[in-house]
Every structure is written in C-alpha cells, then in structure tokens.
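Please look at the structure shown below, and read it together with the paragraphs that follow, which begin at the contact between the chains and then take up each chain in turn.

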Amino acid sequence: MAGGIKKFVVGSFDDEAVLFPAVKNVRKAGYKIHDVYTPFPVHGLDHAMGLRETSLHTAGFIYAITGTTTALSFMSWVFTKDWPLNIGGKPHFALPAWIPITFELTVLFSAVGMVLTFCYLCQLSPFVKKHHFHARATDDLFVMAIECTDKTNDAEVQTFLEKAGAKEINIQHAETGWWIGRYDREQKLYREEKGY
Amino acid sequence: MNNQFELPGSYKKWTWGLIGVGVLALLYGFIMLHPFEHAAHGGGNHGSTRFWAVLLQNSVYWLLVVNASMFFICVTTMAMGGWQVALRRVPEAISSVVPYLGIITFLVLMAIIWGDRTDIYHWLDNEAVKHDPILNGKSGFLNPKFYTIWSAIAILMWWLLGKKMRSMSLETDNGGTMDYETGKKWIWKNTVWASLYAVFFGLSVASTIPWLWLMSIDAHWYSTMYSWYTFASTFVSGMSLVALFVIFLKNRGQLEYVTEEHLHDVGKFMFAFSVFWTYLWFSQYMLIWYSNQPEETKYFIERIGTAGKPGPYKGLFFLNLILNFLCPLLILMKRGIKRNWTMVTVMAVLIIFGHWIDFYQMVMPGTMKEHAEMMPFEFGIAALFIGIIMWGVGRYLTSHPLTAKNHPFLKESIIHHT
C-alpha cells in the first residue's frame, strides 16, 4: 500500500461534453484533480487535465535497440566463435541472413517491454487491487476524483461540482495505492452520501 | 476562401532558372554526346548511351513521383479518409503534371525503342534474341509493339483517370455546401473512380510498367519484388513532394486549415514508406544472396561487385541504403521531428534525392556498365524535370482555390488531431 489513505470529493458526469468544461474549470479554480475515470478513452482529455506526454515510446525505443543488440551479438558469437558451421558456403558472418531474426527480436523486445511497462505505469496486474471510485466508471459515467488537501473546503468543492454539472457527488476516504488481496479486506471505506 | 494564390517572384525565378539549366544540359547533350549515333557493341560511344540512359532515369522517376500523388488521393478516398482534405489540392496540383511528364517520357521511350537503342534495351537486338533462349522466351512481352502500346495506354489512363478525379474535386467549388444526400452521392462517385484508378495503377505501376521500362534493361534477370520496390520508391518520394509543397504554401500564409497535425500524418507516410521500401529492397537482396543463382546474382555483382573486386556502384548502392533507410528511420522516428516544418523539409529533400540515386543505380549499371558518370549533365537533366514540375504545379495552384471548401469531409480535416 504505497499511497496511503486520502480524502476525495468525487463527482460523476454522464456526458463527455459536460466533463470537458468541468475539468477545465476545476483546474482553473485550483483544485487538485486526482484522476478522471472514463468508460472509454476520451480523446484530448489528457491535454485538458494537463497530463504530461507519456515517455512510453522512449522506453519502447530502448527495448527495441536492446532487442537489436541482443540478436546481433548473440548470432555473431554463435556463428563465428562458439559453433561455426558451413551453411551453403556462406560466410560465417552472414549478416543478410540475420536481419529477419534481428528484426523479429527488435519487435518482440519492444512490444513485450512496452506492454509490461504500460501495465506497471497503470498499476495493472493479476491479483492487484485498486480503489474504485464508482462502479459505473466502467459502464456509463465519467468519474472525476478531486483530492482534498489541508486548504480544500469540501463543501465549496461540492457546490462547485454541482454547478459544473455533476450528476452524483460524494466524499470518499480511499487508498490511493494498490494492494494485493481482496476488496472486502480493504480499509474501512465509508462514504458521506449527499443525496444529489 | 481568401484571394487566389499568386506565385512569389522567387518561385518563378527558380522555376525558369531550373528549366534554363535543364535546357542547357539538354543542348550540351545534343551537341557533345551525339545521341543519334549508335553505340558500337562492347564499347565505343558511351556518350550517346549516357544521354538516353540519363533521360530514361529522370523521365521515368519524375513521372512516377508525380503520378504517386494521384495514387495518394485515390487510396485516401477509398479508405474514406478525411484528414487529407485540407491539403488535398496540393497532390491534385502535383498530379496535374502527369500529362506533361507523360508526353516527355513517352517521347524518350519511343526514341529508345524505335531508335533501336540496343545499348539501353538489349532485347531490341533481333539477332541476339534469336540465339538467346531466355530472351526468345520473353519476346512475347518484350517486343517494341507491345512496349509501345502498353506504355501509351498506361500514360493515357493515368492522365484521364487523374483528370476525372481532379475535375470532380474542382466541380464542388462552384456549388454550395452539400447536404447529406448530395454529399453521400458525391463521395460514392469519387470512390468508384478512385477504385478504377487504383486497379489500373496496380496493373501498371505496381506490376507491368517497371518490368517494361526499367527491369528489361537487365533483360535476362528478373525479380518479383521489382515493381513493388519501384512503386515504394516513387510513392515515398511523392509524399515528400506533397510535404514540400504543403510547407511552401503554408509559409506563404496559404492553406489556413493545415496544421502540424496534418504535417505529422504526411511525415508518418514518409517514415512508413521508407521502411516499406527497405523491406522490399532487402527482401529482393536477401533472397538472391541466399539462393546464390548465377543468373540472379549477376544484377548485384554489376552493382557492388564481389568480395575480391568491388564494383563501380558500390558506394552509391550503400549510400542509397543510408539515405533512404537509416536517415528516415532514425530521424523521422521521433514525433517532434514529424511535426517540425523545417525538419520535414530537410527530410523530404533528402528522400527525393535518395530515391533519385536509387533510380540512377537501377538504370546505369545495365546500360553504362562501369562508364557511368555523375556530372553536371546528370544533375542538369534532373533540374529540367524539377523545373517542369514546379511550373506545372504552380500553374494549377494559381488557377484554382487552394482549399476544397465544399468537400463533405472538410470539417473532419479541420478538427483532425493526431
């Protein structure tokens, strides 16, 4: 449990078109958006939230050149030092014949590496649990969690979200990190339902 | 939209300057290289061979490059693409040069065929073909009549089908915004004509035309990759040419809806098709290297030579790979580069030059053997063709609106986001 328990004001929207200005206004007002959970990838939401560009592709490039190096160095060691064979009278250092394998390993390393890195960044893995702010975030609601800091006035945030067009608003104390185990062993989770 | 675009003076200066240089080179060729004298077999008059080989290389290369932009329009139309609409008039303008370069190419090809230039196409030599079982077997395809008829049909069809695509696009400027039904009908009609073009493109550029025009220089040799490899070469150069004109117009304050999002996608085409070109280049090379059949390896021995004796084209051959594969791969890979107007300009020029070199090493080894030169004459002829392209594209750009303002997908293009 890396993150620790924090307090959130959670607003749920049922329309993308309402969500975008809401995100913009919440940021303008200076509140801290923890995250926005959507049922599908929303184009441009990352920019609206002010998230930085991902470095996943840089990681992908590094995995790819690792694959290239692995393939070329392994094959040249095997065929020139470890176990030289005469194959059809070709030179031992038979670069053209190795290119397809080098290409395959480049793609394999970058693909697998990027998938694993992506899962790591999103904290996705079998048996790993994370707090769900709203079950319908996987169905039809756009859920915005605003983190409450010392200076945040929750009542003010709630009014703010209501004005921004949120359909449901509540306050949750939730674990921000991940844990391995079951949801019912989670920390004592309680909500202050507001009846909106 | 805003007022009709007018060419800046510097553009006109460059156009006529390049054409002037080209005409000088051509005159030099006519006077110094004696193009109408015959090359004696096994040496002798390399000048006349050089004249026709250089003209063949340049006319075929630049014709296929400008033709590639019509292919781009047709495939994006067939794929119901919307992003390219904001810049669609640019490939249209480039493809409007096809008739001019088509006629020039046809004249060059006919001069070679009916001028009996056996130094360019060995299969024109009836005596040799008679005693050569391989050439004899191919004579149903490689003969002057078929060559002439099929070349004429190909150029005519690119011209007419391209003209139809362009005129359908220009017609929309006169009417107002289309309603849903009219737009649907117009898109359907466009798709049908685009498909016809694409099918014919498959039958010509992607198969028979490179066999006839270029592969038959090395008449004994053949490769099933050859046409695709030629197509990839010209398509990636065609996309680079589109990028150059888009950037030029953007610099002049035109094409108001084109943003770096569109440039990014054009850059992706340049990147992807550079890799595709390499894939075909390498597949052709590796299969021949691996199976090591004398009749197939001959093509590469003429270029890079053997281990003990490097061939005269070895440097160009590998320069080709660096310019057309390593540079685009490593430089265009980064997102920021594809969105940078200056870097895309540099890469586009590099790619066009790189594939010009590629065509050079396709044509020269079979015709000039080890006597090929890369002197002002070669570059002068290239300047002539670049000048003609600039002239034709400039003419189209100044006489038609630069944005297809009533295209049903224009909005999709304006809000395009990569």
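In this predicted model, the contact between the two chains draws on six residues from chain B and five residues from chain A. On the side of chain B that touches chain A, five of the residues are nonpolar and one is polar, while no charged residue takes part.

Turning to chain B itself, its secondary structure consists of 16 helices and zero strands. The radius of gyration of chain B is 22 Å, close to the 22 Å that the globule rule gives for 418 residues, so chain B is as compact as a globular protein of that length. If one takes the contacts in chain B between residues at least 6 apart in sequence, 81% of them join residues at least 24 apart.

Chain A contains both kinds of element, with five helices and seven strands, and from the N terminus on these follow one another in the order β-α-β-α-α-α-β-β-α-β-β-β. For chain A the radius of gyration is 25 Å, whereas a compact globule of 196 residues would have one near 16 Å. The C-alpha atoms of chain A fill a box of roughly 80 × 35 × 30 Å along the principal axes, and buried residues make up 18% of the 196 residues in this chain. Among the contacts in chain A between residues at least 6 apart in sequence, 78% link residues that are at least 24 apart.

Definitions and conventions. Residues are numbered from 1 along each chain as its sequence is written. Chains are lettered from A and ligands numbered from 1 in the order in which they are written. This is a predicted model: local features need pLDDT of at least 70, side-chain atom pairs count only at pLDDT 80 or more; totals for chains, interfaces and linings use all residues. Two residues are in contact if their C-beta atoms, placed from the backbone, lie within 7 Å. Ala, Val, Leu, Ile, Met, Phe, Trp, Tyr, Cys and Pro count as nonpolar, Asp, Glu, Lys and Arg as charged, and the others, Gly among them, as polar. Helices (H or I, at least four residues) and strands (E, at least two) are DSSP runs, numbered from the N terminus. The radius of gyration is taken over C-alpha atoms; the globule rule is 2.2 Å times the number of residues to the power 0.38. A residue is buried if 20 or more other C-beta atoms lie within 10 Å of its own, exposed if 12 or fewer, and partly exposed in between; C-beta atoms are placed from the backbone.
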